[in-house]
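Work through the exercises below on the salt bridges of this predicted model. Each task is followed by a solution in steps.

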Amino acid sequence: MSTTLSDPEESTTPAEPMAFVDLGAQHAEISEQVFEAMNRVIQDNSFVDGSAVGSFEDAWARYCGVARAVGVASGTDALELSLRAIGVGPGDEVIVPANSFIASAGAVMRAGACPRFIDCDPIHLLMDPTQIASVVTPRTAAIMPVHLYGQLAPMDEICRAAETLGLAVVEDAAQAHGASQGGQRAGNWGAAAAFSFYPGKNLGAYGDGGAIATRSEQVAYCIEALGNHGSHARYEHPTLGFNSRLDSLQAAVLSAKLARLDHWNRARRAAADRYDEMLADVPGVIRPSTGEANEHVWHLYVVRVPERDRVLAALQASGIPVAIHYPTPIHLTGAFAHLPYAAGDFPIAEKAADEILSLPMHPHLRVSQQERVVEALSAVLT
Ligand SMILES: Cc1ncc(COP(=O)(O)O)c(C=O)c1O
């Protein structure tokens with residue numbers, strides 16, 4: 001297996017198509033291990049609840065440094081089942097940052113509770129812990145920090161606020177596989193952390209998948225039942241649950257990939273360092289920064305630029321794959337129009353949504369490709 005992070009000698013002609021996330025290059029690196037692992041599942045006919053699932057759950061718990069991990073069908077389910085497992089439900093409120101993927105707040109609604117949005121800090125765009133106390137009501141049950149773009153939200157402050165206010169913490173770690181703060185990975189802070197294994201994530205399945213990581217045996221036990229029709233033993237259903245299981249083929253793929261996760265995260269960090277250097281003199285670009293004590297895993301490399309929509313269109317026209325994560329803060333989406341929020345409520349998140357631009361980022365990104373991205377960005381901005 002190759003351990004090369006990137007090949008600086010490789011040349012990229014301007015016409016060569018570039019991917020925002022190059023899953024083909026990733027698969028090429030590990031196809032042998034993936035196919036072997038999938039074949040074992042197929043030969044054993046163990047497609048659901050097979051030993052591949054337990055092995056991956058154990059490996060993921062060890063990797064996160066927590067007691068237990070439980071596989072589920074998606075990151076969204078991991079969030080919803082975590083909330084349900086700690087008793088969040090109808091009548092409760094959960095504090096969520098306005099700038100996240102809609103699934104963070106969607107999972108709160110699906111658990112029967114209501115999101116209370118707060119703004120983010122203007123530098124890292126992570127949940128601003130100083131705003132927590134101002135939105136707490138007698139119904140507030142939990143805080144859901146989102147480890148956005150690959151770095152942990154300020155967990156010391158968030159956990160301190162949670163303790164003072166008597167609230168639970170559920171981490172949305174869908175973008176933070178392997179990220180840590182003060183040496184502690186996601187899952188070590190809250191009651192549970194929810195991971196997504198959507199294919200483009202730092203650790204991605206070959207389809208949908210998710211898991212929770214938790215220090216609590218009790219939370220893990222509860223989520224196992226919730227994801228399996230309320231059952232711990234066949235045809236015994238003391239409570240109702242859902243069908244939300246990580247299937248064995250996905251677990252086998254994830255185990256094969258987990259062996260490469262640290263290596264790939266290092267490659268992402270190297271690519272982020274290169275972007276930082278290359279973008280230092282490009283006028284108007286605000287580069288992303290890493291929070292104190294954070295080890296970033298760069299799920300996304302998000303810059304801020306003036307006239308973002310013009311820049312986005314020009315880059316796309318010249319074949320540079322760029323994206324926006326996310327164009328509309330959650331409180332302004334149609335899905336949450338029934339809640340009492342309006343434009344102007346979260347000025348930092350709203351301003352960021354007009355300025356952010358995600359550049360191509362993945363472990364197999366070549367120097368020449370990054371040069372092409374930065375050249376195109378400079379040409380548009382100067
Ligand atoms: C921050 C965040 N939360 C939750 C999710 C939901 O994960 P999934 O797509 O696996 O349901 C995602 C996925 O993109 C995400 O980025």
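## Salt bridges

Searching the whole structure of this predicted model gives 14 salt bridges.

**Exercise 1.** Find which residue forms a salt bridge with Glu-217, and state where the two partners lie.

Solution. 
1. The partner of Glu-217 is Arg-68, with 3.1 Å between the closest N and O atoms.
2. Glu-217 belongs to helix α7 (residues 217-226), and Arg-68 to strand β1 (residues 68-72).
3. The two residues are 149 residues apart, so the pair links distant parts of the chain.

**Exercise 2.** Determine which parts of the chain are tied together by Glu-93 and Arg-139, and classify each residue as buried, partly exposed or exposed.

Solution. 
1. Glu-93 and Arg-139 form a salt bridge whose closest N and O atoms are 3.2 Å apart.
2. Strand β2 (residues 93-97) holds Glu-93, while Arg-139 sits in the loop between α5 (132-135) and β4 (140-143), so the bridge ties together parts 46 residues apart in sequence.
3. The relative accessible area of Glu-93 is 6%, which makes this residue buried, since buried means under 20%.
4. Arg-139, at 46% relative accessibility, is partly exposed.

**Exercise 3.** Classify Arg-310 and Glu-307 as buried, partly exposed or exposed.

Solution. 
1. A salt bridge joins the side chains of Arg-310 and Glu-307, at 3.0 Å from N to O.
2. Arg-310 has a relative accessible area of 40% and is partly exposed.
3. Glu-307, at 53%, is exposed, because exposed means over 50%.

Notes. Residues numbered from 1 in each chain as written. Predicted model: local features only at pLDDT ≥ 70, side-chain atom pairs only at ≥ 80, totals over all residues. Heavy atoms only, no water. Salt bridge = Lys/Arg side-chain N within 4 Å of Asp/Glu carboxyl O. Helix = DSSP H or I, 4+ residues; strand = E, 2+ residues; numbered from the N terminus. Buried < 20%, exposed > 50% of the residue type's maximum accessible area, 1.4 Å probe, protein only.
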